[in-house]
Amino acid sequence: MRLLILGGNSDIALATARVFAREERADVVLASRDMEVLEKRAADIRLRYRVRAESVYFDACDYESHPAFYAGVTPKPDGVVLAFGTYAEQSDVGDDFEKGRQLIDTNFTGAVSILGIVASDFERRGHGFIIGIGSVAGLRGRQSNYLYGASKAGLGVYLAGLRNRLSKCGVHVMTVLPGFVRTKMTEALDLPGALTASPEDVAADIYRGFCKRKNTIYSKWFWRIIMGMIRVTPEPIFKRLTM
Ligand SMILES: NC(=O)c1ccc[n+]([C@@H]2O[C@H](COP(=O)([O-])OP(=O)(O)OC[C@H]3O[C@@H](n4cnc5c(N)ncnc54)[C@H](OP(=O)(O)O)[C@@H]3O)[C@@H](O)[C@H]2O)c1
């Protein structure tokens, strides 16, 4: 198996790359912006698991570069993990359009740009799988992070549409919905210990979901229950809560 990981420098991505290298003997292509860190991570995977691991420059927001980037990935991957993302608390974004656009440009537009190219290739070959990392934040808008949530909600609907389209040609799309995860993205946040997963927990859930060909997984599992309750809370009550 050959796995392309978009946003290969993400802590969740690295843990996922390691699980696929260990369990599937997968060769991995780590694609991200910080090449120094990326190459170190690729070297570590090569050493630990004796698989091929490459690092390639990729900027999710440089949409024009995406066709050439994907054309340069040879041989073509069997699977793609979309892991890049950027986070901001709503209190830091406010109504500043430029800050909000950064979230949307990366988490949504960047994903649509590169996954459209991947989807065409997988559809033509009748082969492949896509694992897209969304967020439980995309399931209901909350005052604390609704622009981030909106970018992830857009991604979630896009992935669902791709799944619907690509299932006809044997290409599987899995949506991953993590709750709190202890990574560099959240290091400045005060996360509740009992509800917070490690990147390794999420990677294990991703691999389990991949093996079972799940459509959507929550990580950790209890977020399905938490979000089920949050989603059915009537709007007149929900809007009075501070979340
Ligand atoms: N941590 C959580 O609590 C949590 C919860 C729910 C969902 N998620 C989602 O899970 C995914 C992985 O997050 P993480 O926690 O592992 O984050 P992380 O460790 O902070 O990694 C995010 C990575 O995204 C990459 N990235 C950002 N903008 C990019 C761009 N324009 N082009 C290419 N790469 C870009 C960065 O790569 P470079 O370093 O190379 O710039 C960065 O290493 C994200 O989509 C995130 O939204 C995380």
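**Exercise 1. Describe helix α1 and the residue that comes after it.**

Helix α1 is followed by Arg25, whose phi is positive, near 55°. Helices here are DSSP runs of H or I with at least four residues, strands are runs of E with at least two, and both are numbered from the N terminus. The model is predicted, so local features need pLDDT of at least 70 and side-chain atom pairs count only at pLDDT 80 or more, while totals for chains, interfaces and linings use all residues. Residues are numbered from 1 along each chain as its sequence is written.

Step 1: α1 spans residues 11–24, and its 14 residues reach 20 Å from the first C-alpha to the last, close to the 20 Å expected at 1.5 Å a residue, where the expected span is 1.5 Å times one less than the number of residues.

Step 2: eleven of the 14 residues are buried, among them Ile12, Leu14, Val19 and Phe20. A residue is buried if 20 or more other C-beta atoms lie within 10 Å of its own, exposed if 12 or fewer, and partly exposed in between, with C-beta atoms placed from the backbone.

**Exercise 2. Trace the chain from strand β2 to strand β3.**

Step 1: β2 (residues 27–32) and β3 (residues 53–57) pair in the parallel sense over five bridges, pairing being assigned if DSSP finds at least two bridges between two strands. The partner of Leu30 in β3 is Ser55.

Step 2: from β2 the chain passes through helix α2 (residues 35–49) to β3, and this β-α-β crossover is right-handed; that is, with the strands pointing away from the viewer, the path from the first strand over the helix to the second runs clockwise.

Step 3: Arg50 is placed in the loop between α2 and β3, and its phi is near 55°, a positive value in a residue other than glycine. Arg50 counts as exposed because it has 10 C-beta neighbours inside 10 Å.

**Exercise 3. Locate the cis peptide bonds that join Thr74 to Pro75 and Ser219 to Lys220.**

Step 1: omega is about -10° for the bond between Thr74 and Pro75, and Pro75 lies in the loop between α3 (66–71) and β4 (79–82).

Step 2: omega is near 0° for the bond from Ser219 to Lys220, and Lys220 lies in the loop between β9 (216–219) and α8 (223–232).

**Exercise 4. Characterise Arg213 by its place, phi and exposure.**

Step 1: Arg213 is found in the loop between α7 (199–211) and β9, with a positive phi near 50°.

Step 2: Arg213 counts as exposed because it has 9 C-beta neighbours inside 10 Å.
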